[in-house]
Structure formats: structure tokens, C-alpha cells
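Subject: Structure handover

Dear colleague,

Please find the structure below, with notes on what was found in it. The terms are given with their cut-offs as they come up.

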Amino acid sequence: MKTKIDIDKVKRLPTIEDLFEKEYGKKGTPLRDEFDAKSRAWYYAEILKIRSDIYSNPSVKYTVEMLAEKLHISKHYFHHLYKKFFDVPPVTDIINSRIEHAKRLLRSTDYSVKEIAEILGYSTDTQFMKQFKGVTEMSASEYRKKATV
């Protein structure tokens, strides 16, 4: 025999907002604003470290999901914060870090374009060449010729 539950008598579970307001006060109060400022500062510091990692390690195959996991947040929220802090999406910085490293390698080594694509973690040299040309508006070979003149 099933017991009928009266939904109106079931206590609603509190949301995070409810708990926060109970503990720290209503939205817009000095306590709430102080918490928000500290939270933003923490996220900024952590995402700045991630951005530094992206530019320091361009060969790593970063994904937005992987970066968001470092902060235990959703990829959508990570993307939102990253773009808010740096005015570019994280994928743009990932691509730019790889292209900047490719430029250094093209200027300072004799590695082939295919070898550079492999070093930077591209699946194929075609993918690398397309992305390089999309960012620099010239092929990797043209860039090397122009940079070594």
C-alpha cells in the first residue's frame, strides 16, 4: 500500500542562496558585497595562474573542460569568467600560445612544419597549418622566410 504524500506539507530544501542569506545577510549588504569581491579576487588569481600555464606550456593539449576542472567549476562558468577577466575566450589564448611558440620555433630552429605541429600537439600538420595561417595571415613557410631575412 502506497502512502500518499501531501506536497504542501513537505518542507522545501534551502538553496545555496537561502543558506548564504541566512548566514551572511541579504543580497547587496556589505557582507555579501565583501564575499563577492573576495570570490572574484580568488577566481582572478587562479585563472591568471591557468593563463600563465597556457602560455608557459603551449605543447599541452588544453581543453576548457580540463581547465575548469582545476577550479571545480563548470566549463561554461570558467569560459564566462575567463572572458570577463581577459576579454578573450580561453580557446583563443590556447591557440595564440601555440602559434607564438610556433613562431619562435620557426625563427630559431630548422624543424619542419610537420615536426613543429607534432611538438605543439596538433593532430595533423594540416590542422596546424590552417590554424597558423588563420592567425598570422601567412603560411608557416612564408613566416619562416620572412622572419629569417
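Helices (H or I, at least four residues) and strands (E, at least two) are taken as DSSP runs and numbered from the N terminus. On that basis the protein has eight helices and zero strands, and its pattern along the sequence reads α-α-α-α-α-α-α-α.

This is a predicted model, in which local features need pLDDT of at least 70 and side-chain atom pairs count only at pLDDT 80 or more, while totals for chains, interfaces and linings use all residues. Residues are numbered from 1 along each chain as its sequence is written, and side-chain values use heavy atoms, with hydrogens and water left out.

Overall figures

The protein has 149 residues, of which 29% are buried (buried is under 20% relative accessible area, exposed over 50%, partly exposed in between; 1.4 Å probe, protein chains only). Its accessible surface, by the Shrake-Rupley method with a 1.4 Å probe and with only the protein chains shown counting as cover for residues, comes to about 10,700 Å², and carbon and sulfur atoms account for 55% of that. Taking a contact as heavy atoms within 4.5 Å, 54% of the contacts between residues at least 6 apart in sequence join residues at least 24 apart.

Aromatic rings

Rings of Phe, Tyr and Trp (its six-membered ring) pair if their centres lie within 6.5 Å; planes under 30 degrees apart are stacked, over 60 edge-to-face, and the rest tilted. The whole structure holds ten such pairs. One of them is the edge-to-face pair of F132 and Y143, with 5.8 Å between centres and 75° between planes. Because F132 belongs to helix α7 and Y143 to helix α8, this pair ties together parts eleven residues apart in sequence. Both F132 and Y143 are buried. Elsewhere, ring pairs join Y44, F78, Y82, F85 and F86 into a cluster.

F86 also has the charged end of R51 over its ring, 4.3 Å from the centre (the criterion is NZ of Lys or CZ of Arg within 6 Å of the ring centre and within 35 degrees of the ring normal). R98 lies likewise over the face of Y122, at 4.5 Å from the ring centre.

Positive phi

Which loop holds D87? D87 is in the loop between α4 (75-86) and α5 (90-108); its phi is positive, about 65°, although D87 is not a glycine. D87 counts as exposed because its relative accessibility is 65%.

E137, also not a glycine, has a positive phi near 65° and sits in the loop between α7 (125-136) and α8 (140-147). With a relative accessible area of 71%, E137 is exposed.

Regards
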